[in-house]
Amino acid sequence: MTHEELFRNIVAHAKEYGFVFPSSDIYDGLGAVYDYGEYGSEMKNNIKRYWWDAMVRLNENIVGIDSAIFMHPKIWQASGHVSAFNDPLIDNKDSKKRYRADVLLEDYIAKEEAKIEKEVAKGRKRFGDSFDEKKFLATNPNVLRARAKADEVHSKMTDALNKNDFAALRQLIIDCDIVCPISGTKNWTDVRQFNLMFRTQIGNASDDSLDNIIYLRPETAQGIFVNYLNVQKSGRMKIPFGVAQIGKAFRNEIVARQFIFRMREFEQMEMEFFCKPGTEMEWFSYWKKTRLAWHQALGMGNDKYRFHDHEKLAHYANAATDIEFEFPFGFKELEGIHSRTDFDLGNHSKFSGKKIQYFDPDTNETYTPYCVETSIGLDRMFLSILCNSYCEETLPDGETRVVLRIPAPLAPVKVAVLPLVKKDELPETAQKIMNELKYDFNCQYEEKDSIGRRYRRQDAIGTPFCITVDNQTPKDDTVTVRDRDTMEQQRVPIPELHDFISEKVTINNLLRKL
Ligand code: GAP
């Protein structure tokens, strides 16, 4: 199965089993906007809880807030989003379709990379066990040609983007012979900047004055910066301290694809850590390590993550890295960690006219704190888990099953309680077990269909444990507990069920690993 086929299957599975639906589905959807279904929203809540507790509960010097989506328009001038939160866009004059110039070039580079992959596959087939991939990559003329082209285009594109040289970006598109996928022509306009913020109006909508313009926040971080003084005072926070927030963000993304990887309405989990100037690099390394450990504790494979340190930094940052995850479409940014200096607090101080500083009672110093930010997209985190968990298996008896091997503490349903048959008081016993467990775990009761079909349905939504109440239960007060991943079954006395399940599925046990 190719990566594209696998990804298509994952997206279809997410819809069929109530994880993610296209928004406004009965109206044929709305581009890059999605709804979470009955299992998706449970899993999303579990991810949020894992993040919030790791940040706010485990760190005495981090508190959480929940700021409004609408904010004073000056905030987005101070943050630089009005002037600089842009994408370079190009239109095809024949199809009238609009594209992101950098994405057209990235697609071109991806095609060159795919040529390399294809050559390697051919080589492996031809040479079998004696295939030396390293040597092949270093010597095969087709591979070398594709590699040189991909590197050249990447370097020219990065250079043009860094210099905001849009004429060079357009020329590169023409030099690469990139055509519009709709019209098939190279009839391109100039490249222009397009701001990604959504705008609306507050108050009297008939008044078009610019003063009434409100932006839907493109990041949650600014809600933290503008509350720095409030939180520091009300929480009597001493530097270093952090403020965390989970909330919706909105970006008018032109290239909307890869499912919930790039959305127009999405959720972020951000934490701004305020520290003394000069200590920020220490905190930057600390948060790099801490955040990677948070991901790795899920047990999805340490080789699935890597850092991508930024060489070219934004003007306000003095260090930046991404934690990338290996999605089916390659390693891509999952989380960003940025050392943002005093840029945000400093600018809000300038634009608001309020002094935003910290007085250190121990040293009698007053300064504008520096800030290290950790910022992760909740939907992207969701997608990383979904992709990594999805597994199509052929069983020893030749049957197939689709199983979601979701890390148990994040699974939407923890336990399914299943009476083997609808008689001999087995349903009543199953209901009793359900009523006992449901206060601590999200449980599901099912008595319809054969036990095999019920197991498959639970596998497909990633339920770690199925408890079956069978004919032996009335005799010895035990049930079978089936493990989702190994499909092994063991008998467990009913009074021990709670502890047996709890050990594997509680978020607290994940937190203890950090
Ligand atoms: N406050 C910093 C900030 O917003 P960012 O790199 O633009 O930085 C942070 O976004 C994270 O938010 C990304 O690493 C990604 O996980 C998520 N994210 C950004 N844009 C997104 C989009 N259009 N759809 C889904 N997630 C997105």
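Let me start with strand S13, which gives four residues, the largest share, to the shell around the ligand; strands here are DSSP E runs of at least two residues, helices are H or I runs of at least four, and both are numbered from the N terminus. Please keep in mind that this is a predicted model, in which local features need pLDDT of at least 70 and side-chain atom pairs count only at pLDDT 80 or more, while totals for chains, interfaces and linings use all residues. Residues are numbered from 1 along each chain as its sequence is written, and side-chain values use heavy atoms, with hydrogens and water left out.

Which residues come nearest to the ligand? Of the 19 around it, they are Glu-219, Arg-251, Met-263, Glu-270 and Glu-333, where a residue counts if one of its heavy atoms lies within 4 Å. By class, the shell divides into five nonpolar, four polar and 10 charged residues.

As for polar contacts, meaning pairs of N or O atoms within 3.5 Å, the side chain of Arg-251 places an N or O atom 2.9 Å from a ligand oxygen, and a polar side-chain atom of Glu-253 lies 2.9 Å from a ligand nitrogen. For Glu-373, the separation between a side-chain N or O atom and a ligand nitrogen is 3.0 Å. The protein covers 90% of the 550 Å² of accessible area that the ligand has on its own, by the Shrake-Rupley method with a 1.4 Å probe.

Finally, the helix: just after H15, which spans residues 451–461, Gly-462 takes a positive phi of about 80°.

Methods: Buried < 20%, exposed > 50% of the residue type's maximum accessible area, 1.4 Å probe, protein only. Polar contact = N/O pair within 3.5 Å; in protein donor to acceptor, adjacent residues only side chain to side chain. Nonpolar A, V, L, I, M, F, W, Y, C, P; charged D, E, K, R; others polar.
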